Amino acid sequence: MPLLETRNLTAFYGDFQALYGIDTVLEKGETIAIIGANGAGKSTFLKAIAGLIHAAPESILFGGMPIGAHGAADIVKLGIALVPEGRRLFPSLTVEENLKIGAYGNKARGPWTLDRVYSLFPILRERRSAAPSTLSGGQQQMAAIGRALMSNPRILLCDEISLGLAPIVIADIYAALPQVKADGTSIVLVEQDIIQAMKVADRVHCFQEGRLSLSGRPGELTRDSIHRAYFGQ
Amino acid sequence: MIGWLDALIQGVLLGGLYALFAAGLSLIFGVMRLVNLAHGDFIVVAAYAILLIAGALGLDPFLAALIALPILFVIGFALQHLLLNRTLGRDLLPPLLVTFGLSIIIQNGLLQLFSADSVRLRSGAIETASIPLGGGIAVGVVPLLTLLSAIAVIMLLNFVFYRTTIGQAFRATSDDLEVAQLMGIDVGRIFAVAMGLAFAVIAVAALHLGLRANFDPTIGPARLLYAFEAVIIGGLGSFWGTLAGGIVLGLAQTVGARINPEWQILSGHLAFLIVLVIRPRGLFPRALD
Amino acid sequence: MEAKTPKRVFYIETVDRTQRVSAAIFSVVLIVAVTLPAFASRDLIQNLIFLFYMMALAQCWNLLAGYAGLISVGQQAFVGLGGYLLFALTSPGGINPLLAVPVIGIVSAMLALPTAVIVFRLRGAYFAIGTWVVAEVYRLVFAQFKMLGGGTGTSLDPQVTSSVPGIEWVKALLNVRTPAARDIISYWLVLALVVGTLALVYVMLRSRRGLALGAIRDNEAAAAGLGVDIYRVKLGVYVAVAAMTGMIGSMIYLQKARISPDAAFSVLDWTAYVIFITVIGGIGTIEGPMIGAVIFYLLQRYLADFGAWYLILLGALGIVVMLFAPKGIWGFVSERYGLTLFQTRRKLVVRGEESKRSQRA
């Protein structure tokens, strides 16, 4: 049984339909990348899994269990954590408090502790008492990822973690992912940076206007096919 | 000269009472952006509750208030959980109108239960005790206790907010409701706990309200206005700011009363409006928000 | 040969069949209302006066809160202001009460402007309480004026009430005594006022400004994004409503002939009841406050004797409606049956296609 499965997942923002029946599968330990143009529905897809957007119960299955209609707080307790688009650290909390609150809902023990997050991203230990607004974009992104890891998720959802960051910083952040995967955590990442996505993913899905336009292993996909799937014909 | 000094001292002490009224309001608005228009009426409810407990068990008001505290916490928790959580959302109107409706219900309910006669919390000798400061000025023990209680409550609230896990949850929820849920925070429950805490503060405020002056079912709305003014004058987002706001309001009222006793309340309102015009964010606002 | 593409015609429709029906019904109702004093009891006339001015106040509050999103719990400031200005302007040596009314409207607007500038610094619920504080300031200030009765209030000089034009004419026409004639004149004045308020609101909402208001009501951020100057529109509505409320207040106190600060600036009478009417009837619609006023009048007439219990009932009813039927009775009916008596929505009609698509605007 796959770890996570979406079946005919549809989602709306009010009257506007953002997803038109997405079928995907995530196996344990896999890393999947979702690419696509802006507005294609990639973030919506992650939000639906994370419980921020309403979906039909049976349209999202976690280890066979329907979780589509679950609320966000329940989803993270089950072991699915979202690193939201734009970082969204809590401005009233220090860096360390931001990390600690990541563990609020999920008291489940696991490999990720405050210490281990600091080992993964040493700069955060230095800036532990700082206000998030004083951190650089890259540091904030590290904190956001660390915060999500604190709940010891089985699936980590990453929404555009390279957004607005310089290439060298992006490389630093992606360099941390293998350690996350080493514990068997599965990852779903939404990425604008196709090259980066292809480097880390086991499989790639391309979204186009709310629909799945292409799926496959990075090695199998040609530039042309990606181009067509990305922009639509 | 003495009269003015006395007015200043009384103003600061009165400010302590207003800070107590305001602390609960500030807490609730900070955590969930909700303004409870029945806030003042709940203070009056708590005062009557303390009166009842003191009468039924033959206790002094301080002990009665101690007993009332957890009861008020539960009432606040239940109110939020059962009723007010349903009103929160994007629309501004429901929480306003529901709490306004509550205000009407409470005032009239209390009228039915207790009649319109004004009552007071009797505390014996302490009521008239005062500490002479020399030069003919004395500080009443009860007003002093009120100010000290206000300071203690604010220190406690700061402790909860900045040094406990639940305080982190309060601040996170206040910052970003959506992402707070991503942390596994059950925001409905957090709101209920916050409201319970606010009601515990209301119990303390009610004790001091009843000790200092007479109260009756209809004085709630005026207390709401004072609480609100103290919060705005002090600035949103800071509990110490709320204390400062309360003191400024108290001073404005006592100084105004010194000029003309009929102008006491009006002076407070005018001070509020002046602050609103020249420093709309209040005197000590937090940097964010 | 070139293939011809069908020509598409777009136009905005604001009046449809139901409109003509409701216009007809409204005209009939109006005629009945105007001629009512000829065959109605004095009691009914007095009750209708109450109904009409509550309806007018509710229309005003609805415009403010339901359309402009300005939830004020301080409109009693302008009711009291209107009442006191009437007493002040008509005091011995002053002007005729009927002439005073438009003056009061202007003065109310003038005072509303600086009031708004101050109060608009607050948002949402804090704005609401801010308006309440302002109303309290008005009350406390007017209580200072000893010549207007100070804290205990004063009565209107009988000379003033009998100087309202038309009393003799009514006495002769309908064969009634002076007090009844006064009531009938008041009735017509208030009727004119409520119809005027209705007309003003209707015209305003059908105008460009009204389109902006509807946009603000539906989604303020989006409206701002489209270039609607939110601040100015809201300021304009606040001032206009203040003027109307002031005039209504002056009419109320002309009829009551007695004023005191606590009564004139009463939160219960001029805000709580008004909000109740608007919410029960249906906020954000023109029909809502009308229905709400009728329901409130009936409740008031038959249950007000129950004192505190009556008010508890009103509060509870308001809460229940707010929780379970936030659009009020008219909102519920309107959505269920697609009815609109006063059409302010614009329908986009596309001709030239098989299906006629209409969009809510």
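## Chain B: order of elements

From the N terminus on, chain B of this predicted model runs α-α-α-α-β-β-α-α-α-α-α-α-α. In total, chain B holds eleven helices and two strands.

## Chain B: overall build

How compact is chain B, given its 289 residues? Its radius of gyration is 19 Å, and the globule rule gives 19 Å for 289 residues, so chain B is as compact as a globular protein of that length. The C-alpha trace of chain B spans about 60 × 50 × 35 Å along its principal axes.

Of the 289 residues of chain B, 56% count as buried.

## The nonpolar core

The largest nonpolar core has 278 residues. Which residues touch the most other members? They are A:L157, B:A46, B:I50, B:A194, B:I202, B:A203 and C:M54. This list draws on chains A, B and C. Helix α8 of chain B, residues 187-212, gives the most to this core, with 20 residues.

Neighbours within four places in sequence aside, B:A46 is in contact with B:A68, B:L72, B:I202, B:A203 and B:A206. Two of these partners, B:I202 and B:A203, are also on the list of core residues that touch the most other members.

## Where chain A meets chain B

How many residues does each chain bring to the contact between chains A and B? Chain A brings 22 residues and chain B brings 16. On the chain A side, α2 (72-78) and α3 (95-101) each supply at least two residues. The largest share of that side comes from α2(A), with four residues.

By class, the side of chain A that touches chain B has twelve nonpolar, six polar and four charged residues.

## Where chain C meets chain B

The contact between chains C and B takes 29 residues from chain C and 30 residues from chain B. Which elements of chain C give two or more residues to the side that touches chain B? They are α5 (124-144), α13 (267-281) and α15 (308-324).

The side of chain C that touches chain B divides into 24 nonpolar, three polar and two charged residues.

Notes: Residues are numbered from 1 along each chain as its sequence is written. Chains are lettered from A and ligands numbered from 1 in the order in which they are written. This is a predicted model: local features need pLDDT of at least 70, side-chain atom pairs count only at pLDDT 80 or more; totals for chains, interfaces and linings use all residues. Two residues are in contact if their C-beta atoms, placed from the backbone, lie within 7 Å. Ala, Val, Leu, Ile, Met, Phe, Trp, Tyr, Cys and Pro count as nonpolar, Asp, Glu, Lys and Arg as charged, and the others, Gly among them, as polar. The radius of gyration is taken over C-alpha atoms; the globule rule is 2.2 Å times the number of residues to the power 0.38. A residue is buried if 20 or more other C-beta atoms lie within 10 Å of its own, exposed if 12 or fewer, and partly exposed in between; C-beta atoms are placed from the backbone. A nonpolar core is a set of buried Ala, Val, Leu, Ile, Met, Phe, Trp, Tyr and Cys residues joined through C-beta atoms within 7 Å.
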